[in-house]
Amino acid sequence: MYAVNGMTNQAVTEVDKPLTLHLAGSAEAGMYGAAARIATTLSLPISSVIQSQSHRLFGYGPAMNTGHADFLWRYGGTFALYGIAGALCYRY
């Protein structure tokens, strides 16, 4: 099941690149592919924190509502600042 999940996730993130090549051409597909990989790389710190802490979210059991709120307050500010910094870098 883990392998099927990996293939599904990979297909979702990679299927747009061949479509871009077919619809727009190789130069546009190359730029799009590079930009997509840069965006993926920049999102790795957030993804790694979420994945490393997900066991805590699912381990709260009946107290899941307060657990999610604690997680949001603890990491939400960091994620927001990271997103704002990325948007500002993109703008300039």
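Analyst: Let's start with burial: buried means under 20% relative accessible area, exposed means over 50%, and partly exposed is what falls in between, with a 1.4 Å probe and protein chains only. By that rule, 11% of the 92 residues of the chain count as buried. Two housekeeping notes: this is a predicted model, where local features need pLDDT of at least 70 and side-chain atom pairs count only at pLDDT 80 or more, while totals for chains, interfaces and linings use all residues. Residues are numbered from 1 along each chain as its sequence is written, and side-chain values use heavy atoms, with hydrogens and water left out.

User: What does the secondary structure of the chain come to?

Analyst: Helices (H or I, at least four residues) and strands (E, at least two) are read as DSSP runs, numbered from the N terminus. Here you get four helices and zero strands, so the order of elements, by that numbering, is α-α-α-α.

User: And Lys 17: buried or exposed, and what does Lys 17 touch?

Analyst: A contact means heavy atoms within 4.5 Å. Lys 17 sits in helix α2, residues 16–24, and it counts as buried because its relative accessible area is 12%. Leaving out residues up to four places away in sequence, Lys 17 touches Ala 29, Tyr 32, Gly 33, Ala 36 and Arg 37. Thr 20 is in helix α2 too, and at 19% relative accessibility Thr 20 is also buried. With the sequence neighbours up to four places away again left out, Thr 20 touches Gly 25, Glu 28, Ala 29 and Tyr 32.

User: How many salt bridges does a search of the whole structure find?

Analyst: The criterion is a side-chain nitrogen of Lys or Arg within 4 Å of a carboxyl oxygen of Asp or Glu. The search turns up three. Lys 17 pairs with Glu 14, with the closest N and O atoms 3.7 Å apart, and Lys 17 also pairs with Asp 16 at 3.6 Å, N to O. Glu 14 bridges to Arg 37 as well, at 3.2 Å between the closest N and O atoms. That last pair links distant parts of the chain: Glu 14 is in helix α1 (residues 2–14) and Arg 37 in helix α3 (residues 26–58), 23 residues apart. Put together, Glu 14, Asp 16, Lys 17 and Arg 37 are linked in a network of salt bridges.

User: How accessible are Glu 14, Asp 16 and Arg 37?

Analyst: Glu 14 is partly exposed at 25%, Asp 16 is partly exposed at 23%, and Arg 37 is partly exposed at 44%.

User: Which residues line the second largest pocket?

Analyst: Rolling a probe the size of a water molecule over the atoms shows where empty space is left. On a 1 Å grid over the protein atoms alone, a pocket is an open set of points where a 1.4 Å probe fits, with protein on both sides within 12 Å along at least five of seven lines; lining residues have an atom within 4 Å of a point. The lining here is Asn 9, Gln 10, Thr 13, Glu 14, Asp 16, Lys 17, Tyr 32, Ala 36, Arg 37 and Thr 40. The elements giving two or more residues to that lining are α1, α2 and α3.

User: What lines the largest pocket?

Analyst: That would be Ala 35, Ile 38, Ala 39, Leu 42, Tyr 82, Ala 85, Gly 86 and Tyr 90. Helices α3 and α4 (64–91) are the elements that give two or more residues to this lining.
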